[in-house]
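Welcome, and take a moment to look over the sequence and the 3D view. The paragraphs below will walk you through them step by step.

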Amino acid sequence: MACFLVPAAEAVVTTVVQKSMEKKEVSDDRLAAQAEGNEEIGTGKVRFSEKLGWLNKMLWGGTALLAFEHLWHGEIVPYFPFLTAAAQGDTAGMLHEMATNGVLMAVLVTVVWIGMIAAASILEKKDNRLTAGEKEI
């Protein structure tokens, strides 16, 4: 019915946070580069805003897929109130589905993203150790 609205709401929030973090990280990198006298910007690590972009892509992609599936099954219509459950007076059922299925999907996507963050962190540490080992030789 409307389970895709929960991941969509999370995607909206994380997109806003990502955009504001990108601006802050770029300005912080420029200040750090100016303080060190370097023209080169970047540390070789994946910025958190970029990692947050991974979550956004997963959430927006899942939302689009779910919205298409609901459209295909006739649960979304091109006229107000757009959701057939709301038009038929099954608002309680729609809210229950959002609270159970929608929240579960959003949490599951976020947990998978946290696993991706952990894997990226391990790979960054491994890369830093290899790079430090090459410099010592």
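How many salt bridges does the structure hold? There is one, where a salt bridge is a side-chain nitrogen of Lys or Arg within 4 Å of a carboxyl oxygen of Asp or Glu. Its partners are E124 and K51, whose closest N and O atoms are 3.9 Å apart. E124 belongs to helix α4 (residues 91–136) and K51 to helix α2 (residues 48–72), so the pair ties together parts that are 73 residues apart in sequence. Both E124 and K51 are buried; buried means under 20% relative accessible area, exposed over 50%, and partly exposed in between, with a 1.4 Å probe and protein chains only.

Before going further, a word on what you are viewing: this is a predicted model, in which local features need pLDDT of at least 70 and side-chain atom pairs count only at pLDDT 80 or more, while totals for chains, interfaces and linings use all residues. Residues are numbered from 1 along each chain as its sequence is written, and side-chain values use heavy atoms, leaving out hydrogens and water.

Now step back to the whole chain. Its secondary structure comes to four helices and zero strands, in the order α-α-α-α along the sequence. Here helices (H or I, at least four residues) and strands (E, at least two) are DSSP runs, numbered from the N terminus. Of the 137 residues in the chain, 27% are buried.

Leaving aside residues up to four places away in sequence, Q18 touches S49, L52, G53 and N56.

Next, visit helix α2 again, where W60 lies. With 38% relative accessibility, W60 counts as partly exposed.

Finally, turn to the loop between α2 and α3 (84–87), where P81 is found. Most residues other than glycine have a negative phi, and most peptide bonds are trans. Yet a cis peptide bond joins F80 and P81, with omega about 5°. F82, in the loop between α2 and α3, has a positive phi near 70° although it is not glycine. F82 is partly exposed, at a relative accessible area of 42%.

Definitions and conventions:
Contact = heavy atoms within 4.5 Å.
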